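Open the model in a viewer and keep the selection panel at hand. The stops below each begin with something to select.

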Amino acid sequence: MAAITPGRAYGFFTDTSVCIGCKACEVACKEWNELPGHEPAFGDGYDNTGSLDAQNWRRVQFIDNVPDETMSAGQGKAWLMMSDVCKHCKEASCMEVCPTGAIIRTEFDSVFIQPDVCNGCRNCIAACPYDVITQDEDKGVAQKCTLCYDRLQGDMEPACAKACPTESIQFGPVDELREAARQRVTDLHDQGVTEARLYGEDSDIYGGLNAFFLLMDEPEAYRLPNKENAKLPRRNNLGGYLGTLGTAVLGVLGGLIALRRRREPVAASQAEPEAGE
Amino acid sequence: MIMSLAQAQHFVSAPDWTWYILFYFFLAGLSGGSYVIATLFRLRGDRADEPVSRLGYYVAFVALLPCPLLLTLDLGKPLRFWHMMWNTTPGDAGLSFKYWSPMSVGVWALIIFGAFATVAFLEALVRDGKLRLPVVRLLEGALGTVVAVIGAVLGLFIAGYTGVLLAVSNQPVWSDTWALGGLFLASSLSGSAALLLLLLRYRQAALVSADKLIVSERLYSLLELVLIVLFALTLLQAGTFGIAFGFPWLLLWLVAFAGLAPGIYGLATSWLTVKGEEPAAPAHASSVATEVRTPVMTSVLLPALVLLGVLALRAAVIFSIH
């Protein structure tokens, strides 16, 4: 690959059709970023990571599609595997709400939480629609995938992409990745794999995801909000404040009514207690 | 499948805003609400309403005092609380303000409202003869009115923006409604009126305003009830009603409704009496003030129930998504 140059947008194309669930990405990520990890999560399938969080910046999802009664071989559709990661959204919900300016867009167009600026308010956690961010309990700050910011600065590709044995995780300039992804989905459709689809490669989802996916099912099957539901937090500013304003007007009005209605009777009766004091 | 497509999809994790934030919302609401009520009584009430107005300004200040502390303790890095105001990004340092992030707006609003609440507190102390501060005389004329009005607008904001803060997210329930800001504001107003009623027993001179406070509390309760209905309707539409109102949160909502009961009941009965026996109304009204002074039921238990409802409502909204 050509040299990694600042000023150009870099990201991941995660092709779930070739993911084999080996978790090499998770291991490489933890090794490079020195993430301690936590107690394993015991859920269905082979996923003991549980979710993306401050300690897990890559997480292989195992989605059990095995039918209760199998009539056919299933054609490999029984398990969906997907290496999930921060999407590095063009319009990032986390960055939008962050009150400290800790979340920035780097020279590689990735979304980065500066650990020395973040004060641990957790507003980004409330905002991220992908459940990517949590707070590191030891460090007291929010953490997530950095797109291996340090490796990029050293002209190295991110650890997960480097380790992936099936090229399910591809790293590169976003425009090149998009081209490759569209070719890939066309090829799959030609082969009769009609369920293959791209998620986040165009501007429909949060203005475009720098880390986008080829999926083998509906986005919601992978816990990804679909186009209708991929909305930014700021959408609720106007309605929220207008609702508050309307209530404020009615509240003040109510207060004025309360002060007026009883004015005369109270004025008549106030003489007694006042005189008594 | 079609059903789930019609509903809002949420795959977020909860931000762990819990006890500190609950009590911050509660106290900030009471502070803002009390300031608003105090200002209404000062500017639109009688001369006899001045004692309750000062009481309101005292409450606004005292309730606000723990707020910055609660917010700071909630941070993962409490000593970096000032990063809310000053962006320390290398090469991009400067004041931090984002009008589209309610947390950022709220921080500044809290600081500015804090200044107004402090001024009103000092002014009330001077007027009560507890403090000598000649500068306060500046606030006697039009300037005082302007300050009180601006402070009240900020108070309304402080009491309501916390709901907008929750809504500007991608959380289920919180982001599915536009009604949270109004709901928190209305419940702050009814809670503040109840708190002032509760404190009347420690300020005999303010007892003359009890009737007006009671009527205020009733009207604010009605407003709050309307907003709870709107809140529930917006959640029904989004398909997240069950999260907010399901068990065990339903119990907290029952407490919130119990807190509305005195106000709504009072409103209903007072309307009935006014219709039936118009001339008897003044006599009835003046008896309310004496009632407040004597039975523990009306002067302590009912206002306390209202306050508990205000707390329960916020707890139901905050905790149901965690």
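Start in chain B and select B:Y20, B:I21, B:F23, B:Y24, B:L27 and B:A28 in α2(B), then B:P66, B:C67, B:L70, B:L71, B:L73 and B:D74 in α4(B): the two groups meet. Contact here requires C-beta atoms, placed from the backbone, within 7 Å. By class, the residues of this contact are 11 nonpolar, no polar and 1 charged (nonpolar: Ala, Val, Leu, Ile, Met, Phe, Trp, Tyr, Cys and Pro; charged: Asp, Glu, Lys and Arg; polar: the others, Gly among them).

This is a predicted model, in which local features need pLDDT of at least 70 and side-chain atom pairs count only at pLDDT 80 or more, while totals for chains, interfaces and linings use all residues. Residues are numbered from 1 along each chain as its sequence is written, and chains are lettered from A and ligands numbered from 1 in the order in which they are written.

Now show the whole of α2 (residues 19-44) and α4 (residues 66-74) of chain B; their axes come within 9 Å and cross at roughly 160°. Axes are lines fitted to C-alpha atoms, for helices over the stretch in contact, and angles run from 0 to 180 degrees between N-to-C directions. Helices (H or I, at least four residues) and strands (E, at least two) are DSSP runs, numbered from the N terminus. The pair is therefore roughly antiparallel (over 145 degrees).

Next, select the contact between the chains: 66 residues come from chain B and 63 residues from chain A. On the side of chain B, α8(B) gives the largest share, 8 residues. That side has 36 nonpolar, 22 polar and 8 charged residues.

Stay on helix α8 of chain B and pick B:A238. Is B:A238 buried, exposed or partly exposed? B:A238 is partly exposed, as 18 other C-beta atoms lie within 10 Å (buried: 20 or more; exposed: 12 or fewer; partly exposed: in between). Leaving out residues up to four places away in sequence, B:A238 touches B:Q7, B:A8 and B:D176.

Move to chain A and select the open sheet, in which 4 strands with mixed pairing follow the order β8-β1-β10-β9. Two strands pair if DSSP finds at least two bridges between them. β8 (169-173) and β9 (197-199) of chain A stand at the edges with a single partner strand each, so one side of each has no neighbour in the sheet.

Finish on β9(A), which runs antiparallel to β10 (residues 211-215) of chain A and is joined to that strand by 3 bridges. A:R197 stands opposite A:L215 in β10(A).

Key:
Parallel < 35°, antiparallel > 145°, perpendicular 65-115°, else oblique.
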